[in-house]
Amino acid sequence: MRVLAGDIGGTKTAMAVVEISGRRLKIRRSRRYPSGKFASLEEIVVAFLRGHGRPPRAAGFGVAGPVR
């Protein structure tokens, strides 16, 4: 199964497509984007997935926030 994984921060957003097979993970593609140059996470996802064939079946994101 292909999964879109993202690490969203104030400075940069890292995106990857990961192939999951049983207990094995393989990163198929990854890229970093400057968060401030995009108006939304949706814009980054569209830019990352554009022109790369079939979309992932699932997605998961880590989002930075304040620690209290």
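**Exercises: contacts, core and salt bridges**

Tyr33 touches Thr11, Lys12, Thr13, Met15, Phe38, Ile44, Ala47 and Phe48, leaving aside residues up to four places away in sequence; contact means heavy atoms within 4.5 Å. This is a predicted model, where local features need pLDDT of at least 70, side-chain atom pairs count only at pLDDT 80 or more, and totals for chains, interfaces and linings use all residues. Residues are numbered from 1 along each chain as its sequence is written, and side-chain values use heavy atoms, without hydrogens and water.

**Exercise 1.** Find the residues of the largest nonpolar core, and the element that gives the largest share.

*Solution.*
- Start with the rule: a nonpolar core is a set of buried Ala, Val, Leu, Ile, Met, Phe, Trp, Tyr and Cys residues joined through side-chain atoms within 4.5 Å. Buried means under 20% relative accessible area, exposed over 50%, partly exposed in between (1.4 Å probe, protein chains only).
- List the 7 residues: Leu4, Met15, Val17, Tyr33, Ile44, Val45 and Phe48.
- Assign elements: strand S2 (12-21) and helix H1 (41-49) each give two or more residues. Helices (H or I, at least four residues) and strands (E, at least two) are DSSP runs, numbered from the N terminus.
- H1 gives the largest share, 3 residues.

**Exercise 2.** Which residue forms a salt bridge with Glu19, and which strands hold the pair?

*Solution.*
- Apply the rule: a side-chain nitrogen of Lys or Arg lies within 4 Å of a carboxyl oxygen of Asp or Glu.
- Arg2 is the partner, with the closest N and O atoms 3.3 Å apart.
- Glu19 lies in strand S2 and Arg2 in strand S1 (residues 2-8), so the pair ties together parts 17 residues apart in sequence.
- Glu19 is buried at 17% relative accessible area; Arg2 is partly exposed at 22%.
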